[in-house]
Amino acid sequence: MLASWALTCWKIPTWAVASAGCACGPKAAVWSCCWHKAVTDEQRAAIGNQSGGRVFLFLETDDFDRDHAAYVAAGVTFLEAPRSEPYGKVVVMQDPFGNKWDLIEPVANGSS
């Protein structure tokens with residue numbers, strides 16, 4: 001359940017290295033990510049705008065409603081209401097550093 005991990009990770013104020021793997025379901029995934037604290041003026045100026053104001057981080061869940069409710073209860077900032085798209089259920093959220101994330105539950109078997 002990567003969505004719960006991300007909620008915990010956002011509370012780290014300086015830097016973090018994380019990796020996870022999942023061999024469940026039809027897909028297997030392994031990933032890692034490293035966040036570093038900005039140390040120069042140029043780096044600090046880019047905080048929250050590394051992607052020019054667009055979503056560039058995607059957090060996939062197998063239960064959108066469960067994770068969305070947990071994030072709301074934890075005080076996560078949402079920039080819109082959840083919506084259904086042809087590709088799945090999605091909402092844009094913002095982490096404490098200003099980065100925009102999609103929380104998404106992909107469509108299963110072509111239906112949403």
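Residues are counted from 1 along each chain as its sequence is written, and side-chain values rest on heavy atoms, with hydrogens and water left out. Since the model is predicted, local features need pLDDT of at least 70 and side-chain atom pairs count only at pLDDT 80 or more, while totals for chains, interfaces and linings use all residues.

Start with the strands. Helices (H or I, at least four residues) and strands (E, at least two) are DSSP runs numbered from the N terminus, and two strands pair if DSSP finds at least two bridges between them. Strand S7 (residues 100-106) is joined to strand S3 (residues 57-60) by four bridges, and the two run parallel. Within this pairing, Leu 57 has Trp 101 of S7 as its bridge partner, and Phe 58 has Asp 102. S7 also pairs with strand S6 (residues 88-94), this time antiparallel and through seven bridges.

Next comes the core. Buried means under 20% relative accessible area, exposed means over 50%, and partly exposed is in between (1.4 Å probe, protein chains only). A nonpolar core is a set of buried Ala, Val, Leu, Ile, Met, Phe, Trp, Tyr and Cys residues joined through side-chain atoms within 4.5 Å. The largest such core has nine residues, namely Leu 57, Leu 59, Phe 64, Tyr 71, Val 76, Val 91, Met 93, Trp 101 and Leu 103. Two or more of these residues come from each of S3, helix H3 (64-74), S6 and S7.

What about H3 itself? Its buried residues are Phe 64, Asp 67, His 68 and Tyr 71. Viewed down the axis of H3, the buried residues fall within an arc of 100°, so they line one face of the helix; the arc is that of the directions from the helix axis to the C-beta atoms. Just after H3, Gly 75 takes a positive phi of about 90°.

On to the charged side chains. With a salt bridge taken as a side-chain nitrogen of Lys or Arg within 4 Å of a carboxyl oxygen of Asp or Glu, the count comes to six. One of them links Asp 41 and Arg 44 (2.8 Å, N to O). Both residues lie in helix H2 (residues 41-46), three residues apart, or about one turn of the helix. Asp 41 counts as exposed because its relative accessibility is 60%, while Arg 44, at 41%, counts as partly exposed.

Arg 83 and Glu 85 also meet in a salt bridge (2.7 Å, N to O). Arg 83 has 27% relative accessibility, so it counts as partly exposed, and Glu 85 is partly exposed too, with a relative accessible area of 24%. Elsewhere, salt bridges that share partners join Asp 62, Arg 66 and Asp 67 into one network. The Arg 66 and Asp 67 side chains meet at 3.0 Å, N to O. Arg 66 counts as partly exposed at 32% relative accessibility, whereas Asp 67, at 3%, counts as buried.

Finally, two loop residues. Asn 99 is in the loop between S6 and S7. With a relative accessible area of 7%, Asn 99 is buried. Taking contact as heavy atoms within 4.5 Å, and leaving aside neighbours within four places in sequence, Asn 99 is in contact with Gly 48, Gln 50, Phe 56, Leu 57, Met 93 and Gln 94.

Ala 81 is found in the loop between strand S4 (77-78) and strand S5 (83-85). Its relative accessible area is 54%, so Ala 81 is exposed. Not counting residues up to four places away in sequence, Ala 81 touches Val 90 and Val 91. Ala 81 and Val 92, 11 residues apart in sequence, are 8.1 Å apart in space, C-alpha to C-alpha.
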